[in-house]
Amino acid sequence: MLKALLRTQLSSVLASLTRSSKGTQNTSRVSTGIVLVIILIGVGLIAFACGMMFDMLAAPLHEAGLDWFYFAIGALSAFALSFIGSVFTAQQQLFNARDNELLLAMPIPPRLILGSRMATLLVLNYALELVMLIPVGIVWGMNVGFSATGLVGFVVCLILLPLLVLTFTCLIAWILAAVSSRMRNKTIITMALYLIFLAAYFYIYMNFSNLLNELVANGAALAGGMSAVYPIYAFGQAAAAGDLLAMGGFALCCIIPFAIVYVILSAGFLSVTTRRPAAKKLVYRERRLAVSSASSALFKKELAHFGSNGMYILNASMGSILTIAAAVALIIYRDTVSAVLTLLPEGWTSALMVMALCFLCGTDVISAPSISLEGKTLWLLKSLPVTPRVILMSKVKTHVAVALPVTLIASVCCILALTMTPLECALVIVIPALMTLFGALLGVVVNLRFPKFDYINETAVIKNSMAVMITMFASWGVLAALVALYVVLLDNVIGMVPYMCICAVALAAACAAMYLYLGRGGAKRFAQL
Amino acid sequence: MLRIEHLTKTYGSKKAVDDLTLHIEPGQIYGFIGHNGAGKTTTIKACCGIMSFDEGEIYIDGKSVKTQPLECKRVLSYIPDNPDLYDFLSGIKYLNFICDIFSVPQAERQERIHRYADLFELTGDLAEPISAYSHGMKQKLAIISALVHSPKLIIMDEPFVGLDPVATHKLKGIMREHCDAGGAIFFSTHVLEVAEKLCDMVAIIKGGKLIKAGTMDEVRGDDSLEDVFLELEEE
């Protein structure tokens with residue numbers, strides 16, 4: 001029974017990544033090929049960056065006799081990546097799946113349904129953990145070398161660590177589901193709780209790092225401060241020295257909390273998934289109805305959809321959330337940042353600001369899942385007397401309406417905080433704005449090519465679908481290509497500011513091309529969905 | 001009002017609809033019956049312009065669904081077999097959205113929403129999000145949204161599924177009134193008793209092919225519609 005549930009869950013995740021809902025087997029194979037290449041490139045880049053970072057740490061820490069600390073940092077980083085990567089999916093995955101009622105009506109114990117969904121999250125945690133810890137292991141092996149017991153310890157801890165991540169993400173998901181199932185306005189509650197949990201997480205994470213640093217600086221205090229960071233210390237000791245006691249300790253730290261959380265969640269699974277808020281019924285009072293044009297009505301409908309799902313807001317507009325944080329940080333630390341940036345060649349200050357803002361714009365993927373999210377209501381849009389172009393542009397407008405104001409505010413913060421020429425100031429405003437429009441149009445274009453309508457929950461489309469991944473990586477890829485083109489080929493040919501002007505024109509041209517496509521080829525494609 | 005001429009639609013190598021021709025005149029309630037997978041929903045979706053077809057033509061109020069899809073959609077309403085609506089909107093926001101799309105003037109939309117919501121006893125629930133609606137309430141909302149812009153042609157796929165007996169009775173009354181006022185209705189159903197009592201014309205489809213069509217009396221003769229249907233299915 002569990003095997004069948006696991007198979008269904010995992011094939012659903014795999015399908016959301018690699019299979020489009022429309023298209024022939026051949027196009028499906030092509031799509032799968034494309035997405036695998038994109039995933040491999042993305043994973044390869046992250047793993048390479050991790051490897052480079054740990055390459056700088058391995059030898060010095062070994063020479064200082066702090067082998068355990070190297071693995072502790074690795075474990076902490078892997079924990080952070082896995083946690084951030086899975087916490088937003090956990091609630092939907094565990095408690096809000098579309099097939100809840102179907103499965104609960106079958107003779108399947110709820111604990112098995114929960115177990116199969118937790119296993120899917122565990123697979124995601126493993127994937128994220130390995131991206132970080134495999135380079136950690138390889139770098140250590142190349143620079144220092146493992147003892148036989150150390151290697152065993154490292155592998156055992158590598159297998160166990162995702163259980164610890166899973167324990168935390170499932171616990172948070174359960175608290176969120178339990179609280180939000182009693183509330184009418186789930187979006188605000190979910191968003192607020194997630195942001196509180198994230199803030200708490202980062203606070204603990206920062207303090208964890210500080211505590212580890214203190215422990216390293218003052219070996220005598222090791223014993224006193226050990227209880228708080230024991231799992232991470234044990235991971236380090238097990239991997240570095242093959243310490244069996246530490247390995248056992250780490251195993252207990254992972255398995256016991258996981259078992260407790262699994263038992264608690266199993267006991268409450270049925271009540272959390274089936275509870276309906278006992279809120280008072282909303283009373284309808286007839287009042288004058290506002291009249292809008294068709295395009296305005298579609299835009300408002302898209303905004304309502306975006307605003308109705310906390311996961312959509314948090315995942316698809318993470319770039320905007322980070323942009324706000326970056327803008328505030330820039331204003332607070334503007335003296336420090338200015339001092340560092342004065343060391344750069346002329347034009348590079350504005351270029352760096354543009355790059356940072358464009359990178360964050362590329363992280364926003366509001367439009368990329370918007371066609372897929374029509375799901376079973378796609379018939380409605382297709383039956384309305386509205387051209388596909390108007391429908392598709394309403395999705396572009398929604399992305400722009402959410403992301404552009406934030407980008408513009410951040411651009412203004414850059415201008416206020418740093419010294420730039422008027423032309424540079426204009427470019428800091430125009431290029432990120434164009435990148436926002438580029439991302440919005442690209443999202444719709446890609447989603448037209450890779451729609452996904454047969455999903456179990458909306459988060460699967462928002463977070464893991466092919467359209468979202470391609471759009472995000474393509475946006476970053478365009479940015480990387482423009483930067484690489486200058487650094488590799490044009491550095492000695494043209495100044496940075498004129499080059500940015502050319503980039504602005506190129507981005508505007510790309511936006512115009514996609515806009516025209518949506519009205520013609522894109523409209524035809526939409527009609528075929 | 002609705003002319004289907006030699007409609008053919010294939011899925012891969014399978015012909016879902018094969019050379020189907022039907023004419024629905026103003027004032028007619030036209031029933032469309034057939035077993036599961038006979039091609040009813042495919043035909044209906046093709047008529048509404050939400051599914052392309054391989055051969056033939058469909059005209060609504062004299063306009064081609066292929067070449068003038070927007071003009072056709074402006075005069076028709078479609079109610080699918082499963083009322084999947086926008087769960088994130090409230091009932092009233094959904095109805096207002098539909099009125100915006102069909103450019104229903106303010107006074108008319110206010111009056112029609114009031115009238116039909118009262119008729120289907122949904123007024124008290126209009127402020128609630130659609131996600132909180134039962135299947136039957138969603139079906140009622142879909143029916144109201146199909147009526148608020150006063151279409152000439154209403155196309156419905158299994159419209160009585162999920163409706164309570166009172167709502168079913170009211171819907172049948174509205175269908176009759178709509179056609180008496182010069183409109184037309186084309187709907188599929190498995191409830192043969194309803195079709196027999198309600199329809200002016202009926203068509204039976206089997207394996208994508210039209211096997212019998214005409215007035216109710218022509219099709220059933222001295223037998224019941226159920227007997228005729230079962231007989232034709234066994235052939």
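This is a predicted model: local features need pLDDT of at least 70, side-chain atom pairs count only at pLDDT 80 or more; totals for chains, interfaces and linings use all residues.
Close-up 1. Domain 1 of chain B spans 2-75 + 152-234, and domain 2 spans 86-150; the bounds come from an automatic or database domain assignment. Residues are numbered from 1 along each chain as its sequence is written, and chains are lettered from A and ligands numbered from 1 in the order in which they are written. Local features need pLDDT of at least 70, side-chain atom pairs count only at pLDDT 80 or more, and totals for chains, interfaces and linings use all residues.

**Close-up 2. Contact between the domains of chain B.** Domain 1 of chain B contributes eight residues and domain 2 of chain B nine. Contact means that C-beta atoms, placed from the backbone, lie within 7 Å. On the domain 1 side, helix α6 (residues 165-180) of chain B supplies the largest share, four residues. Helices are DSSP runs (H or I, at least four residues), numbered from the N terminus.

**Close-up 3. Contact between chain B and chain A.** Chain B brings 28 residues and chain A 25. α2 (69-74), α3 (91-101) and α4 (106-119) of chain B each supply at least two residues of the chain B side. α3(B) gives the most, five residues.

**Close-up 4. Contact between the domains of chain A.** Chain A is divided into domain 1 (24-274) and domain 2 (294-528). Here 17 residues of domain 1 of chain A meet 17 residues of domain 2 of chain A. On the domain 1 side, α7 (186-217) of chain A is among the helices supplying at least two residues. The largest share, five residues, comes from α7(A).

Conventions
Two residues are in contact if their C-beta atoms, placed from the backbone, lie within 7 Å.
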